[in-house]
Amino acid sequence: MTPTRYYDVVVLGRSIGCLATAALLARRDFRVLILGQGSRPPTYDFEGFPLRRRTFTLLAAASPVWLRTLQELAQATTFKRRTKQLDPMFAVLSPERTVEIPPESELFAREIEREFPEVRQLVDELYASFSEYNAAIDAAFERDAVWPPGSFWERFETNRVVRELPLINGETAQDLLAKFPTGHPYREVTTIPAGFATDLAVPGEQLPPLALARLHGAWTRGVHALPGGESELESFFLDRIRAHGGEYRLAQRAQQLVVRRGQVVGVLEDGEEEPVGTGSVVSDLSGEAVADLAGGEGITARARKDWPRLTVSAGRFVVTLCVPSRALPRQLPPESFLLPQGNTREHSHPQNPRRPVVHLQRGPRVSRELQRDTEPVEILTAETILPSRGTLTLLEAREAVLSTLRTHLPFVEDQALVIDSPHDGLPLWEMRNRRRHEIDRIHLPGGVAGPEPMEYMWSVDTPGFLELSGEPIRGPIPGTYLVGRTVLPALGQEGSLLAAWGAARAITRRDRTRQKMRRQMWSKIETS
């Protein structure tokens, strides 16, 4: 059947990688269509409370690839006005101490002198090294290269840049922290934020050293927040896509990829009888999922033989609490990492899976009429990493997260108005007069019976390019491109943006007219 509708590019998914790719291609005059592919919005509503499906921190705000994307969209100044710098950037809370990381170097030095005077010199040396490493990585990522490279010329271009990168000659993450005494708590201040920022299912201390330096650098080089969180970022991209003639149907999904003569030529939407014609399909799915959509047709011989093997080894389990502002300590920062008692390597105790480390986000603040008064309520989003084969089950995870919260915020659970997780399938807890009322998920707006899928964290059987990559940007079927967390999982959010830039570059280079237009566009940007 010959399609009567045609788009240059069809994008499947609503992740930051998909949206960035779509915005760049729409800006370059490609006709773009986005299908949500079953991805749910970042938040869901319960009686006016925005409950979150996932945490979101704009860690890539200082990345060269993010800044280059904003420049090409002509939104660098506009977007900067939307964000605000966090102060402190984050805090690590253990039962013994609270460590805040402020953006000012002088205040940071005082904090280290107060909490860790015995390693003050080592901390100075560590951050001097991190600063040097990240400057070199910035210089590499500023280059218009493809990460990870696929074709001969891409490897030629990227390998010229790679020579300038540090930490790719066999060093380990432990080498970066080797001078710190074994079990010293500052090791966890360094590795735990990085462990939550990556999409690799490994503890922070086992990350590739370049990834550890990059991810900890993302947390300490100035963290910027969007007041509306991930929803605001999604709206920003969708506005740009629409402004450049793109279309989106986020509630729709592709039922099948149409492959002809070994090349993807169309997408059949769910519920439609006629496919949409296209020359390229971009997705944040894994390569295996893309191949399944095509029914196994069109997979190249090379992909069948050498495709990297990735497995889901953990998920991001999230619990949301709606708490009156009066019940929260003023000094609780927007971003915290909570270490439960007796679960830190500082004391050489084995980790207790039922008392996990929690990444806690505070905000936004919402107003809701309670009786005759209007009382501000804040949203707390608590995230922990749940291994696929751990001893902690999905049904036990909510209680485990709350047990860690009780250690640091003992009255919060009693004061909470709503507690819920979309990932365990258990009822939402609504608190009335200090009594818990359970509301089945099927009765929530847009609710479904059973648990929703978590965001996956991946294990790569044979680490790819620089130990950072998993799957290639070019998918297993010619004409398909991958921009999800499976491409550069070690680098987290920045990895998705690098994949998005690489996919947009590869698609643009197939079209000489658009490639010429892009050169002219950049000439204007550079000379303005």
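Visitor: Which residues is L233 in contact with, leaving aside its neighbours within four places in sequence?

Guide: With those neighbours left aside, L233 is in contact with I16, F56, W66, F79 and L226. The word contact means that heavy atoms lie within 4.5 Å. The model is a predicted one, in which local features need pLDDT of at least 70 and side-chain atom pairs count only at pLDDT 80 or more, while totals for chains, interfaces and linings use all residues. Residues are numbered from 1 along each chain as its sequence is written, and side-chain values use heavy atoms, with hydrogens and water left out.

Visitor: Which residues of the largest nonpolar core touch the most other members?

Guide: They are V32, I34, W147, Y186, L233, F237 and L257, out of 122 residues in that core. A second, separate core has 28 residues, including V319, L321, A382 and W429.

Visitor: What makes a set of residues a nonpolar core?

Guide: The set must consist of buried Ala, Val, Leu, Ile, Met, Phe, Trp, Tyr and Cys residues joined through side-chain atoms within 4.5 Å. Buried means under 20% relative accessible area, exposed means over 50%, and partly exposed lies in between (1.4 Å probe, protein chains only).

Visitor: Why is T486 called buried?

Guide: T486 has a relative accessible area of 2%. The limit for the term is under 20%, so T486 is buried. This residue lies in the loop between β21 (480-482) and α15 (492-509). Helices (H or I, at least four residues) and strands (E, at least two) are DSSP runs, numbered from the N terminus.

Visitor: What makes a polar contact between the side chains of T486 and E471?

Guide: A polar contact is a pair of N or O atoms within 3.5 Å; within protein, one must be able to donate a hydrogen and the other to accept it, and residues adjacent in sequence count only if both atoms are side-chain atoms. The side chains of T486 and E471 make such a contact at 2.7 Å. Residues up to four places away in sequence not being counted, T486 touches L285, S286, L310, W458, G470 and E471.

Visitor: How do you know that L338 is buried?

Guide: The relative accessibility of L338 is 1%, and the term requires under 20%, so L338 counts as buried. L338 is placed in strand β14 (residues 335-338). Not counting residues up to four places away in sequence, L338 touches L93, P356, V357, V358, L360, T404, L405 and H408.

Visitor: Why is R261 called exposed, and why is D29 called partly exposed?

Guide: R261 has 87% relative accessibility and therefore counts as exposed, the term being set at over 50%. D29 has 48% and therefore counts as partly exposed, a term for values between the two limits. R261 lies in the loop between β10 (254-260) and β11 (263-269), and D29 is in the loop between α1 and β2 (32-35).

Visitor: What is the phi of D29, and what is that of R261?

Guide: Phi of D29 is near 75 degrees, a positive value in a residue other than glycine. R261, also not a glycine, has a positive phi near 50 degrees. Most residues other than glycine have a negative phi, and most peptide bonds are trans.

Visitor: Which peptide bond is cis, with omega near -5 degrees?

Guide: That is the bond from W147 to P148, where P148 stands in the loop between α5 and α6 (152-162). G363 and P364 are also joined by a cis peptide bond, with omega about 10 degrees, and P364 is in strand β15 (residues 358-370).

Visitor: How do the axes of α1 and α15 cross?

Guide: The axes of helix α1 (residues 16-27) and α15 come within 8 Å and cross at roughly 35 degrees. Axes are lines fitted to C-alpha atoms, for helices over the stretch in contact, and angles run from 0 to 180 degrees between N-to-C directions. The crossing is right-handed; a crossing is left-handed if the near helix is turned anticlockwise from the far one by less than a right angle, and right-handed if clockwise.

Visitor: How do the residues of the contact of α1 with α15 divide?

Guide: They divide into ten nonpolar, five polar and no charged. Ala, Val, Leu, Ile, Met, Phe, Trp, Tyr, Cys and Pro count as nonpolar, Asp, Glu, Lys and Arg as charged, and the others, Gly among them, as polar.
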